[in-house]
Amino acid sequence: HPIPELEALGWDPRKEEAEFLPELIVFDLDFTLWSCWIDTHTNGPPYRLAANNKVKDRYGDTMELFSDVPRVLDLIMQLPNTRIGIASRTDRAEWAKQIQSDIGVKKKKMIECIDFMEIYPGSKVTHFRNLA
């Protein structure tokens, strides 16, 4: 599949340059992929998908992915041999997974784009050790 953003730069990662791509790209969730701290800025489940790919919490307050996130995740998914991971220190892992199951990234749900998840309180060092 062509990757228009990279083709516009004259680069095709499917060629020999692919060996220089990372095997794993890891993101945090809160204020990295979406616009809040899930454990303090939302009122909890049930979450439901609202208009324009926003998610509403149980009181109707909305949160959403940052505008470039769907395009970035879609681009990474097209890279050969590069996987996507999540490392989040929230103690609301189930809330994070529910939102990822609801919110869309192109024609998939966000959770379908993620290959590895480390979502629990504690040290990011532990998250990254487990992802290694």
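**Close-up 1. Helix α6 on the sheet of the predicted model.** In this predicted model, helix α6, which comprises residues 124–131, lies across β1, β5 and β8. The direction of α6 runs at about 155° to β5.

**Close-up 2. The open sheet β1-β5-β8.** Three strands, in the order β1-β5-β8, form an open sheet with parallel pairing. Strands β1 (24–27) and β8 (116–119) stand at the edges; each has a single partner strand, so one side of each is left without a neighbour in the sheet. From one strand to the next, the twist averages 15°. Strands of a sheet pair through backbone hydrogen bonds, in either a parallel or an antiparallel sense.

**Close-up 3. Pairing of β5 with β1 and β8.** Four bridges link β1 and β5 in the parallel sense. Within this pairing, I25 has I84 of β5 as its bridge partner, and F27 stands opposite I86, also in β5. Strands β5 and β8 likewise run parallel and are joined by four bridges. Here A87 has E118 in β8 as its bridge partner. Strand β5 is mostly covered, with five of its six residues buried.

Close-up 4. The side chain of R89 reaches the backbone oxygen of G122 at a distance of 3.3 Å. Apart from neighbours within four places in sequence, R89 is in contact with Y120, P121, G122, S123, K124 and H127. R89 and E118 are separated by 29 residues in sequence, while their C-alpha atoms are 8.2 Å apart in space.

**Close-up 5. T90 in the loop between β5 and α4.** Residue T90 is placed in the loop that lies between β5 and α4. T90 counts as buried because its relative accessibility is 4%, under the 20% limit for a buried residue. A polar atom of the T90 side chain lies 3.0 Å from the backbone nitrogen of R92. When residues up to four places away in sequence are not counted, T90 touches D30, I38, D39, I119, Y120 and P121.

**Close-up 6. The buried acidic residue D57.** Residue D57 is located in the loop between β3 (55–56) and β4 (62–63). Although buried, D57 has no salt bridge. The nearest side chain of opposite charge belongs to R48, at a distance of 6.2 Å, whereas a salt bridge requires a side-chain nitrogen of Lys or Arg within 4 Å of a carboxyl oxygen of Asp or Glu. The side chain of D57 does reach the backbone nitrogen of Y59, at 2.9 Å. Not counting residues up to four places away in sequence, D57 touches T42, N43, G44, P46, Y47 and R48.

How values were computed:
Residues numbered from 1 in each chain as written. Predicted model: local features only at pLDDT ≥ 70, side-chain atom pairs only at ≥ 80, totals over all residues. Heavy atoms only, no water. Helix = DSSP H or I, 4+ residues; strand = E, 2+ residues; numbered from the N terminus. Buried < 20%, exposed > 50% of the residue type's maximum accessible area, 1.4 Å probe, protein only. Polar contact = N/O pair within 3.5 Å; in protein donor to acceptor, adjacent residues only side chain to side chain. Contact = heavy atoms within 4.5 Å. Pairing = 2+ DSSP bridges. Axes fitted to C-alpha atoms, helices over the stretch in contact; angles between N-to-C directions.
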